[in-house]
Amino acid sequence: MVEQLDQTSELLMYLAGELSHRQSMSLEKRLVADSALARELESLRGLQSNFDAQMQVLDEKRIPGQAMAVARIARAMRVHGVNQEAVETLAPRRVLRMPVWAYPIAAAAAVVLVYVGWWAHQPETHVTSVAQVSVPPGSLSTARTSSDQEQVMFAELTESFRDHNPTQRRSLDSLAHVESELAAIASPMHDSLNDPFNNSPILDNEE
Amino acid sequence: MPVSETQSGTSAIESDESLMRRLQKGDTAAGELLVERYFQPLMRYLMRLAGNQMADELLQQTWLSVLDNAAKFDPRSAGGGFKPWLFRIATNKVNDHWRSRGRERSAKEGLKRIADDEMPHAGFRLEGTEQQLRLVKAIEQLPENQKQVLMLRYYSGMKFVEIAELLGCPLNTALGRVHKAMIRLKELMK
């Protein structure tokens, strides 16, 4: 016994026959030597037998109506059992199709996928990378694009065509050549329009 | 009383554990036999703790709880078999009842119960002697914790160690309550 019993508790346990053999032997030795302890034991024994006698008197007659009460409880148990079975039949236990750990992982993966999808549809706002792309000289980018982004795309396409397709490369070169010639012709016209007092070569030719 | 044939050919009372095994398999007739077997001690225990009127209800609740928990019953781990297990469930029902009612209402019920005991409709009580009635009232006057330990010990036959474990108190405390309760009863019965 782990708990240290006080004297009265030990005597009650002894009377109830719930002490171990070793504890009983020890107590009996003390009872022989200690008359006060023996008197207390007798007092407790008298108290216990008085209580038992009173309770026996109280319970000497059987509680009436046992048969009816038992039948009522038995009926309630049968109904309860049937109801329980019905509940279990109607609502079978849910069985998880996948291991429990798979659900949080799947949820995290779904969040990541949604984020990636959202990120992919965001408009590109950084222009600094455009400045770093080298646009080959003589390309059509300056004449055909209107924004930095389009220029970069056009330059990249041009580069890829030059590298991979000789026919297209030649076409692009000839286009670039035409473009530069047009630019050369347009340049004096532009200057003359800006400077009305300067003689235009076109006007000279007309003369 | 239910009987089963033993190997020697003589008849013997079927054990509680055997009946519980049958109940676990869904044999409600075995449950009925158990109800019948323990009706008197269990009903008396509940009557002493909760009064005549509530005892009926608590008795039914106890047995329905037995039915619900039948699958969990294991005689090897039930600390002494079916009877302590049954009284454990009944004690929990009484505690639930006390908790749900609250102190004030319990006091009112107690007064009403004492008044009811003196009324003619309590046929069972009417047949009791004056000494019996005095004892019933004396028991009702005990503090709940003392009354519970004393009645549990008397009607269930559980060991003091098991009672202390069930009530969640030290062994010395449980034994002290029993001692005080018996002294108080003796005083009240003088």
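A: Start with B:Leu46. Leaving aside neighbours within four places in sequence, B:Leu46 is in contact with B:Ala55, B:Leu58, B:Leu59, B:Ala90 and B:Val94. Two residues are in contact when their C-beta atoms, placed from the backbone, lie within 7 Å.

The model is predicted: local features need pLDDT of at least 70, and side-chain atom pairs count only at pLDDT 80 or more, while totals for chains, interfaces and linings use all residues. Residues are numbered from 1 along each chain as its sequence is written, with chains lettered from A and ligands numbered from 1 in the order in which they are written.

B:Leu46 belongs to the largest nonpolar core, which has 56 residues. B:Leu42 and B:Leu46 have the most contacts inside that core. Helix 2 of chain B gives the most to this core, with 13 residues. A nonpolar core here is a set of buried Ala, Val, Leu, Ile, Met, Phe, Trp, Tyr and Cys residues joined through C-beta atoms within 7 Å. A residue is buried if 20 or more other C-beta atoms lie within 10 Å of its own, exposed if 12 or fewer, and partly exposed in between, with C-beta atoms placed from the backbone. Helices (H or I, at least four residues) and strands (E, at least two) are DSSP runs, numbered from the N terminus.

Next, the chain around it. Chain B holds 9 helices and 2 strands. Its elements run β-β-α-α-α-α-α-α-α-α-α from the N terminus. Of its 190 residues, 34% count as buried. Among contacts in chain B between residues at least 6 apart in sequence, 59% join residues at least 24 apart.

With 20 C-beta neighbours inside 10 Å, B:Phe82 counts as buried. Beyond four places in sequence, B:Phe82 touches B:Asp16, B:Glu17, B:Met20 and B:Pro75. From B:Phe82 to B:Met20 is 62 residues in sequence and 8.1 Å in space, C-alpha to C-alpha.

Now helix 7 of chain B. Its 13 residues (144-156) should span 18 Å at 1.5 Å a residue, and its end C-alpha atoms are 17 Å apart, which agrees. The expected span is 1.5 Å times one less than the number of residues. Its buried residues are B:Gln146, B:Gln148, B:Val149, B:Leu150, B:Met151, B:Leu152, B:Arg153, B:Tyr155 and B:Ser156. After this helix comes B:Gly157, with a positive phi near 70°. B:Thr173 sits in helix 9 of chain B. With 16 other C-beta atoms within 10 Å, B:Thr173 is partly exposed.

In all, 37 residues of chain B are in contact with 32 residues of chain A. On the chain B side, two or more residues each come from helix 2 (28-50), helix 3 (52-68), helix 5 (123-126), helix 6 (130-141), helix 8 (160-167) and helix 9 (171-188) of chain B. Helix 9 of chain B gives the most to that side, with 10 residues. That side divides into 21 nonpolar, 10 polar and 6 charged residues. Ala, Val, Leu, Ile, Met, Phe, Trp, Tyr, Cys and Pro count as nonpolar, Asp, Glu, Lys and Arg as charged, and the others, Gly among them, as polar.

One helix pair can be followed in detail. Helix 1 (residues 7-16) of chain A packs on helix 9 of chain B at about 80°, with axes 9 Å apart. Helix 1 of chain A and helix 9 of chain B are therefore roughly perpendicular to each other. Their contact uses A:Thr8, A:Ser9, A:Leu12 and A:Met13 of helix 1 of chain A, and B:Leu171, B:Asn172, B:Leu175, B:Gly176, B:Val178 and B:His179 of helix 9 of chain B. By class, this contact has 5 nonpolar, 5 polar and no charged residues. Axes are lines fitted to C-alpha atoms, for helices over the stretch in contact, and angles run from 0 to 180 degrees between N-to-C directions. Angles under 35 degrees count as roughly parallel, over 145 as roughly antiparallel, 65 to 115 as roughly perpendicular and the rest as oblique.

With 18 C-beta neighbours inside 10 Å, A:Thr8 counts as partly exposed. A:Thr8 and A:Glu40 are 32 residues apart in sequence and 8.0 Å apart in space, C-alpha to C-alpha. Chain A has 10 helices and 0 strands. Of its 207 residues, 7% count as buried. Helix 5 (residues 102-120) of chain A has 19 residues. The number buried among them is 0, so helix 5 of chain A lies largely in the open.
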